[in-house]
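Please open the structure in your viewer and keep the selection tool at hand.

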Amino acid sequence: MLMGSLDDAVGRLARVVGVTPGDLGDEHARWEIYLKAMNLPAAHELLIRAVDAESDDNLATSVVLRMIEKNGEAERIDWVNALRGDKRDYAHRRALELLVLERIISGAIDSTEVAQKIDGWTDWLQMRIADSATSPGILDIVGEVGRTRRIRNAAKGRRAEVGGE
């Protein structure tokens, strides 16, 4: 049986996003409500409350990981803090990785810093850099020393698209 706070939070969220709640004990039903709420900024405050009350840690983490990608640095901490324990630690690390990615894309982190730090970065971050960086120097580094063949090939492919020296 769901805790009252989760039932209440998800029920309120369902009404805001225009969904008939259905069986809120079913995580798939809750996920459908959460998906709609993620795309409705007016529902985000209620969504954070629902995530905070969510009994399924994996479901809560999935929501938070999507929302930290949709939000800027200042808002990410609220989403991360809605989680508990090791799931919070995981989401916090992902938020930091997003900051690194954004700094690389903006040019605030250069190829020298990438070369120094790439070994400590997760496969997820390396792949995101390979898929979205525009600096030929950074793409060359990831193409040479990325952790997996997939990462290296993605960086080389992106490098060919970007061109330059």
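Begin with helices α9 and α10, whose axes come within 7 Å and cross at roughly 155°. An angle over 145 degrees counts as roughly antiparallel, so α9 is roughly antiparallel to α10. The crossing of this pair is left-handed. Please note that the model is predicted.

**The contact of α9 with α10**

Select P136, L139, D140, V142, G143 and E144 on the α9 side; these meet I151, R152, A155, K156, R158, R159 and V162 of α10. Colour this contact by residue class, and it divides into 6 nonpolar, 1 polar and 6 charged residues.

**Inside α9**

Next, select the whole of helix α9, residues 136-145. Which residues of this helix are buried? They are I138, L139, I141, V142 and G143. To see what covers them, display α6, α7 (residues 111-117), α8 and α10, which are included in that cover.

**From α10 to α8**

As with the previous pair, handedness may be noted: the crossing of α8 and α10 is left-handed.

Now select the side chains in this contact. From α8 come D123, Q126, M127, A130, D131 and S132, and they meet R150, I151, A154, A155 and R158 of α10. By class, the contact has 5 nonpolar, 2 polar and 4 charged residues.

Is A160 buried or exposed? Its relative accessible area is 64%; since exposed means over 50%, A160 is exposed. Then select D56 and draw a distance between the two C-alpha atoms: A160 and D56 are 43 Å apart in space and 104 residues apart in sequence.

In soluble globular proteins, nonpolar side chains tend to be buried together. In this model, the largest nonpolar core has 32 residues, and L13, Y34, L47, V51, V63 and I68 have the most contacts inside it. Select the helices that each give two or more residues to this core: α1 (4-17), α2 (27-38), α3 (44-53), α4 (57-70), α5 (73-81) and α6 (85-106). The largest share, 7 residues, comes from α4.

Zoom in on L13. Which residues are in contact with L13, leaving aside its neighbours within four places in sequence? They are I33, Y34, A37, A43, L46, L47 and A50. Apart from this core lies another, of 18 residues; select L101, I129, A130 and A155, which are among them.

**The whole chain**

Finally, clear the selection and view the entire chain. There are 10 helices and 0 strands. The C-alpha atoms fill a box of roughly 60 × 30 × 30 Å, taken along the principal axes. Colour the chain by burial: buried residues make up 40% of its 165 residues. Among contacts with a separation of 6 or more, 56% are between residues 24 or more positions apart.

Key. Residues are numbered from 1 along each chain as its sequence is written. This is a predicted model: local features need pLDDT of at least 70, side-chain atom pairs count only at pLDDT 80 or more; totals for chains, interfaces and linings use all residues. Side-chain values use heavy atoms; hydrogens and water are left out. A nonpolar core is a set of buried Ala, Val, Leu, Ile, Met, Phe, Trp, Tyr and Cys residues joined through side-chain atoms within 4.5 Å. Buried means under 20% relative accessible area, exposed over 50%, partly exposed in between (1.4 Å probe, protein chains only). Helices (H or I, at least four residues) and strands (E, at least two) are DSSP runs, numbered from the N terminus. Contact means heavy atoms within 4.5 Å. A crossing is left-handed if the near helix is turned anticlockwise from the far one by less than a right angle, and right-handed if clockwise. Ala, Val, Leu, Ile, Met, Phe, Trp, Tyr, Cys and Pro count as nonpolar, Asp, Glu, Lys and Arg as charged, and the others, Gly among them, as polar. Axes are lines fitted to C-alpha atoms, for helices over the stretch in contact, and angles run from 0 to 180 degrees between N-to-C directions. Angles under 35 degrees count as roughly parallel, over 145 as roughly antiparallel, 65 to 115 as roughly perpendicular and the rest as oblique.
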